[in-house]
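The exercises below ask you to read a structure step by step, with a worked solution after each task.

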Amino acid sequence: MDLHSGLPYWIARNPLDEYFNPLEKNHATDVAIVGSGITGTLVAYELCKAGIRCTLVDKRTLSTGSSSASTALLQYEIDEPLHRLALKVGERNAVLAYQCCLKAIDDLEEVFRQAGLDAGFERVPSLFFASNKQGQILIEKEFEIRKKHRLPVSFLPADRVKKKYGIETLCALENHRSAQMDAYRASVRLLEYLQLKHGLTIYTHTQVTRCRKTPGGYELHTDRGHSIDCRYVVIAAGFEAGKFLPRKVMQLTSTYAILSEPVDSQLLWPGKSLLWETRDPYLYIRTAGNRILVGGEDEEFHDPVRRDDLLRSKTALLEKKFRRLFPHLPFKTDMAWCGTFSSTTDGLPYIGEWPGKKGMFFALGYGGNGITFTLKYK
């Protein structure tokens, strides 16, 4: 399945990786990782750092699945607001999930620092603003529970939001513990680092068609007629992991993003904060240098053709919503793309062994926090 269409900014901004190494003979390793996106890459980083022999395999060119289209907003907030998540999984577990996502942002920064990589990682504030009266109630409840558990948050009434950001809204939550990055660049450069530093074996353009349990672990069969024998396997293939799961655990969603032509950086809002709203599905905004990236207009995924056919109309809607927020800012779309991602009913990921599948691990960061989920339970 095509995971995205249009031209994602990150592929246009970075050289497209040319690594080509399909599996041409049977191979053996301790751990096989299926998927070379940012999740599979960070799994490989942790395993290599621990001295574990591992092999990464992908059916595409490196990191050209969902990671290449990711808008890569790094926030400790999960798609499910904390006060609602507490009702679903208990307050202790909900707070732990938020705390782990907060720590994961620091962990990501440390990964890139230790590897000496420019991953486009940039610390920026975050503003979560009310879309309407219902959103105001949500913001007020959310502030109370976050403050109770000492999560980084400040409450901004309407006049302060207007004065600082120029946005007309009822209220907002602000924090200074967020970040943004280039998920495609991070993944490709980190994989290169792991190959040189730790001898990571990578096979591209090789699709795993079947995974068979063996007395010693697992045997992965590929579309080229060869196999990979391993003691353990980690499935980090996003929503394409469905064929390895005993049952469906995610919902597929079509999402859309547009990127502006460069604008005068002096016209941008303070701190180039990440901006997102309480409406569901929500609008979200970040910067990429002196360009503005706007995403949202999510809807239930049906098929790639329908998703792609809506790109033009969704682009117009995203432009309209942005101009309503910032009528003084010139916005002319330079690039537009759409993609497919997965979400769960509680906004939480699926990480670890599935009961009854000993030795098969899943690293599936579904939802808007896929990148921070990857390091959440490391």
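In what follows, Lys and Arg count as positive and Asp and Glu as negative, while His and the chain ends are not counted; the place of a charge is taken as NZ of Lys, CZ of Arg, CG of Asp or CD of Glu. The model is predicted, so that local features need pLDDT of at least 70 and side-chain atom pairs count only at pLDDT 80 or more, whereas totals for chains, interfaces and linings use all residues. Residues are numbered from 1 along each chain as its sequence is written, and side-chain values use heavy atoms, with hydrogens and water left out.

**Exercise 1. Describe the charges and the overall form of the chain.**

Step 1: the protein chain carries 51 positive and 44 negative side chains, and the centres of these two sets lie 3 Å apart.

Step 2: with helices (H or I, at least four residues) and strands (E, at least two) taken as DSSP runs numbered from the N terminus, the protein chain has 10 helices and 18 strands. Its radius of gyration, taken over C-alpha atoms, is 21 Å, close to the 21 Å that the globule rule (2.2 Å times the number of residues to the power 0.38) gives for 378 residues, so the chain is as compact as a globular protein of that length.

Step 3: along the principal axes, the C-alpha atoms fill a box of roughly 65 × 45 × 40 Å. Of the 378 residues, 57% count as buried, where buried means under 20% relative accessible area, exposed over 50%, and partly exposed in between, with a 1.4 Å probe and protein chains only.

Step 4: if contact means heavy atoms within 4.5 Å, then 75% of the contacts between residues at least 6 apart in sequence join residues at least 24 apart.

**Exercise 2. Determine how many disulfides there are, and examine two cysteines.**

Step 1: a disulfide is a covalent bond between the sulfur atoms of two cysteines, and here the criterion is a pair of cysteine sulfur atoms within 2.5 Å. By this rule the count is 0.

Step 2: Cys-101 is in no disulfide, since the nearest cysteine sulfur, that of Cys-100, is 7.2 Å away; Cys-101 is buried, at a relative accessible area of 0%.

Step 3: for Cys-230, the closest cysteine sulfur is in Cys-211 at 6.6 Å, which is too far for a bond. Cys-230 is likewise buried, with a relative accessible area of 5%.
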